[in-house]
Amino acid sequence: MNKIIIDVMAKIENVTFARGALATFLIDFDLTISSMNEIKTIVSEAITNAIVHGYQNNKEKFVHLEYILENDLLTIIVKDEGVGIEDVNKAREPLFTTKLEEERAGLGFTIMEMFADEIDVISKIGVGTTVICRKKLSRNE
Amino acid sequence: MTLEVEMFIKRNILYIRFNGELDQNNVEKIRKKVIDLIVKYNIRYLVFNFKNLNFMDSSGIGFIIGRYNYLKKINGSIILCSMNEQIKRIVMLSGLQKICTIKKDEDDVNAYLGVA
């Protein structure tokens, strides 16, 4: 078992860092390209959501990340202490977005759901949002 | 910088070649420039060449949809080419193939648009 915990400032450039940190975390795993892309996308979507929606681009705040590897099972936890989501089920619907004018596609959760095996979203207005994704990783043959 | 873009114009076509990763961070860096070029040079066709793009998330999709919404008002369109498997997957998953033309590579795009 291995685990890393990182708090990153809610700056959009840290999304790139978080993807890179995940790739480095799994460097010895011999992950397939497609698995690697899927988990990088999951992290990217979750952190972008935390920054753009959770913190409404307030860069002073922090996004809390945990990457946990147990055998072949990766758990990704992305937590913000932002505004929270009023209706989680609605937010998870494809194309739902509260920021159409900012060119948000409304596909973040949809893509995360397609690429992860399991997703839990815990959110409370005024308290924040935690996204927990689990995925069984595939090694190269 | 995790994204380099090369842009050039032929007739009323803006070509954008991506090299790197297209996420929210990089979208914010290029959006204004692309919009300005489209308006300034009366661009009708936007060609996204993804040959050297190795990552794109829904922020990239949102950026493409934004340009589509503008171009469709002036009867223009968007052409995507040279997608690797990962990019193709996210494009298909988001339904972009329904609103964009997809071509194999830039030569194919030029043949389609009648550009020498």
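Select chain B: its secondary structure comes to four helices and five strands (DSSP runs numbered from the N terminus, with H or I of at least four residues for helices and E of at least two for strands). Step through chain B from the N terminus, and the elements run β-β-α-β-α-β-α-β-α.

This is a predicted model, in which local features need pLDDT of at least 70 and side-chain atom pairs count only at pLDDT 80 or more, while totals for chains, interfaces and linings use all residues. Residues are numbered from 1 along each chain as its sequence is written, and chains are lettered from A in the order in which they are written.

Of the 116 residues of chain B, 53% count as buried, that is, under 20% relative accessible area with a 1.4 Å probe, protein chains only.

Now bring in chain A. The contact (heavy atoms within 4.5 Å) takes 23 residues from chain B and 22 residues from chain A. Between the two chains there are six salt bridges, each a side-chain nitrogen of Lys or Arg within 4 Å of a carboxyl oxygen of Asp or Glu. Select A:E38 and B:R89 to see a salt bridge whose closest N and O atoms are 2.4 Å apart.

Then colour α1 (24–40), β3 (45–56), α2 (58–73) and α3 (85–94) of chain B: each supplies at least two residues of the side that touches chain A. Finish on α2(B), which gives the largest share of that side, eight residues.

Definitions and conventions
Side-chain values use heavy atoms; hydrogens and water are left out. Buried means under 20% relative accessible area, exposed over 50%, partly exposed in between (1.4 Å probe, protein chains only).
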